[in-house]
Amino acid sequence: MTNKTLLVTGGAGFIGANFVHYWLKNNPDDNVVVLDALTYAGNKASLDPVQDNSHFEFVHGNICDTALVETLLRDKSVDTIVHFAAESHVDRSITGPDAFIETNIIGTYSLLKASKKVWIEEPKGQGKDPVPHRFHHVSTDEVYGTLGPDEAAFTEETAYAPNSPYSASKAASDHLVRAYHHTYGLEVTSSNCSNNYGPYHFPEKLIPLIITNILNDKPLPIYGDGQQIRDWLYVEDHARGIELVLKKGRLGENYNIGGNNEWANIDIVKVVCKLMNEAFETDSALIQKYPNAMKASCGKSEDLVTYVTDRAGHDRRYAINATKTNNELSYVPTESFETGIAVTIDWYLNNQQWWAALIDGS
Ligand code: NAD
């Protein structure tokens, strides 16, 4: 296979950065250009592990800037876009949907327009074949809506029923990607993944929020009754799934990626509390490093749990049926929840300088 040049949008975000680390480690001859606007969720420090790699380049810019995207596609000879850039936090989409419409819908449209122009129209104008290319769009299981406790998990055939401004904006972008394939022949694939967890996760999201609040002796806020169910996947397993879709997936298809690992939010919090208590019991150096951790709760982090008013329109349950991806692409997650959550907690305990800068008052 010839070497690829990937344009990774949103590569300074949680999954994008993990994907870039993964890709350069497993495909060392490929080139990766990250395009990221560095919003509050973007963090250049998340790309420190690849900063000195000669196959890596960072470009600070907005996916809505179509001219910039066109220039990058041409000048860097990009043949593959992996599109992560998005506004991704449901709570923020409820209080301020504008940015979600702008980045998730208009931004995706901008990338599609630029791809069509540079990869298909320009060569055609010169009497040539289109540039061999791939546009991979990263989406979420949230576009499928919510499930009752006994309903079957989402398949790729499940009708879209997004319930939040976030999921609605992602659904709109999914439809645009599909349309660019059917109407213009753009060579696309899409993947819809469940909740990710792992290193470099912004501390407003559930798992890093719980870990960092325990370390700062702050309440652990639980929405409603805490019985909302999500499927959880270790972030590197998401990166592996995308790699398989890029290498073996069929054009125009979308693939569900999941961990077959459903948990109620409150149970996730209990597991994290238990592992954090154990870490402090077995490693006395942690008490010196984090003198405020569980101070008021005397080493019992679960006492910090505080139930708060539920999120408006909160989806009750998401569950992913990834049979198509498992069968067609031989995809199996490598990390169990037990190993993945242990690695994640360890990472946060050892990388305070990364997350403390993102939290007020820590
Ligand atoms: P994130 O919020 O951590 O990162 C988003 C990144 O995109 C940031 O680096 C940000 O600076 C950048 N960005 C935002 N707007 C931009 C713009 N206009 N131009 C260029 N860059 C911009 O998000 P994440 O959790 O890493 O999610 C990445 C993708 O994966 C998203 O598309 C999301 O919908 C999808 N997804 C996330 C999850 C999850 O559990 N986090 C699950 C399934 C799918």
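User: How many bridges join S9 to S11?
Analyst: Three bridges join strand S9 (residues 229-234) to S11, and the two run antiparallel. Two strands pair if DSSP finds at least two bridges between them; strands are DSSP runs of E with at least two residues, helices runs of H or I with at least four, both numbered from the N terminus. The model is predicted: local features need pLDDT of at least 70, side-chain atom pairs count only at pLDDT 80 or more, and totals for chains, interfaces and linings use all residues. Residues are numbered from 1 along each chain as its sequence is written, and side-chain values use heavy atoms, with hydrogens and water left out.

User: Which residue does Ile229 stand opposite?
Analyst: Ile229 faces Ala264 in S11.

User: What is the strand order of the sheet?
Analyst: The open sheet has three strands in the order S7-S9-S11, with mixed pairing. Strand S7 (195-197) and strand S11 (262-264) are at the edges with a single partner strand each, so one side of each has no neighbour in the sheet.

User: Changing topic, what is the volume of the second largest pocket?
Analyst: Its volume is about 340 Å³. A pocket is an open set of points on a 1 Å grid over the protein atoms alone, where a 1.4 Å probe fits, with protein on both sides within 12 Å along at least five of seven lines; lining residues have an atom within 4 Å of a point. The volume is the space filled by probe spheres set on the points, which are joined across faces, edges and corners.

User: Which element gives the most to its lining?
Analyst: H5 does, with three residues.
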